[in-house]
Amino acid sequence: MDIDQNACYEAISSRDRRFDGRFFTAVKTTDIYCRPICPATTPRRQNVVFYPTAAAAGEAGYRPCLRCRPEATPDIGAWRGSFNMVNRALALIEDGALDDKGDVGMLAARLGVGERHLRRLFREHLGALPIAVAQTTRVHLAKQLLHETRLPMSEVALASGFGSVCLVAAQARCAGQGEPTYRRRQAM
């Protein structure tokens, strides 16, 4: 990959966020490589070399900067922080991680965090606990199946992640959706 040295130097001088993760700056005098947005003092032009990836800079013998953490570029989940953790948890919930015998502790273990920390992240980012998000997802899926298919209630319950028809009805009542069979009759 051919890198425009002057454009790269302008990007690090202005700390332009658009270039974050697109190239890395290695400083010859310190043997450290940085991201273009590094808050450290901009090195002199003659003291820098640009690399397309962090791996290339590391291969050339440079160490990662401890201020800007170039090993955690925008394409790596750690860079996106706690919201990335919540998104990963939401994807697992969507895939049924909390259905049947799944619980929040098992979900947290799959994500590599503690159960309490996962609950705190959900409360912070979504304003609800993981189990409430899973139940709402199940109720919405059951509602969609009721309106769009002719499946019997028992199959709707199983397809939407509930163990029985009674659980679908109870959750729908709690969510203010009304009785599922009544909603189906209204939709016809």
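**Stop 1: a residue in a helix**

Select Val-139. This is a predicted model, and Val-139 sits in helix α7. Is Val-139 buried or exposed? Its relative accessibility is 6%, so Val-139 counts as buried. Val-139 and Gly-161 are 22 residues apart in sequence. From C-alpha to C-alpha, the two are 9.0 Å apart in space.

**Stop 2: the rest of that helix**

Next, colour the buried residues of α7. These are Pro-130, Val-133, Ala-134, Arg-138, Val-139, Ala-142, Leu-145 and Leu-146. Keep the helix geometry in mind as you look along the axis. An α-helix has 3.6 residues a turn, so residues three or four places apart point the same way.

**Stop 3: the whole chain**

Zoom out and switch to cartoon. The protein has 10 helices and four strands. Trace the chain along the sequence, and the pattern reads α-β-β-β-α-β-α-α-α-α-α-α-α-α. Of the 188 residues in the protein, 37% are buried.

**Stop 4: the largest pocket**

What classes of residue make up the lining? Nine are nonpolar, four are polar and three are charged.

**Stop 5: the loop between two strands**

Stay with β1 and β2 and select Asp-31, in the loop between them. Check the backbone here. Asp-31 is not a glycine, yet its phi is positive, at about 60 degrees. Its relative accessible area is 41%, so Asp-31 is partly exposed.

Now go to Arg-15, in the loop between α1 (5-14) and β1. Arg-15 also has a positive phi, near 55 degrees, and is a residue other than glycine. At 31% relative accessibility, Arg-15 counts as partly exposed.

**Stop 6: aromatic rings**

Show the side chains of Phe, Tyr and Trp. How many aromatic pairs are there? The count comes to four.

Start with Phe-24 and Tyr-33. Their ring centres are 6.4 Å apart and their planes meet at 85 degrees, so this pair is edge-to-face. Phe-24 is buried, with a relative accessible area of 3%. Tyr-33 is buried too, at 6%.

Move on to Tyr-51 and Tyr-62. This aromatic pair is tilted, with 6.0 Å from centre to centre and 55 degrees between the planes. The pair links distant parts of the chain, 11 residues apart. Tyr-51 is in strand β3 (residues 48-51), while Tyr-62 is in the loop between α2 (54-59) and β4 (63-64). Tyr-51 is buried, with a relative accessible area of 18%. Tyr-62 also counts as buried, at 14% relative accessibility.

Then select Phe-19, Phe-23 and Phe-50. Ring pairs link these three into a cluster.

**Stop 7: cysteines without a bond**

A disulfide is a covalent bond between the sulfur atoms of two cysteines. How many disulfides does the model have? The count comes to zero.

Cys-65 is in no disulfide either. The cysteine sulfur nearest to that of Cys-65 is the one in Cys-38, 3.8 Å away.

Check burial before you leave. Cys-38 is buried, with a relative accessible area of 7%. Cys-65 counts as buried, at 7% relative accessibility.

Methods. Residues are numbered from 1 along each chain as its sequence is written. This is a predicted model: local features need pLDDT of at least 70, side-chain atom pairs count only at pLDDT 80 or more; totals for chains, interfaces and linings use all residues. Side-chain values use heavy atoms; hydrogens and water are left out. Buried means under 20% relative accessible area, exposed over 50%, partly exposed in between (1.4 Å probe, protein chains only). Ala, Val, Leu, Ile, Met, Phe, Trp, Tyr, Cys and Pro count as nonpolar, Asp, Glu, Lys and Arg as charged, and the others, Gly among them, as polar. A disulfide is a pair of cysteine sulfur atoms within 2.5 Å. Rings of Phe, Tyr and Trp (its six-membered ring) pair if their centres lie within 6.5 Å; planes under 30 degrees apart count as stacked, over 60 as edge-to-face and the rest as tilted.
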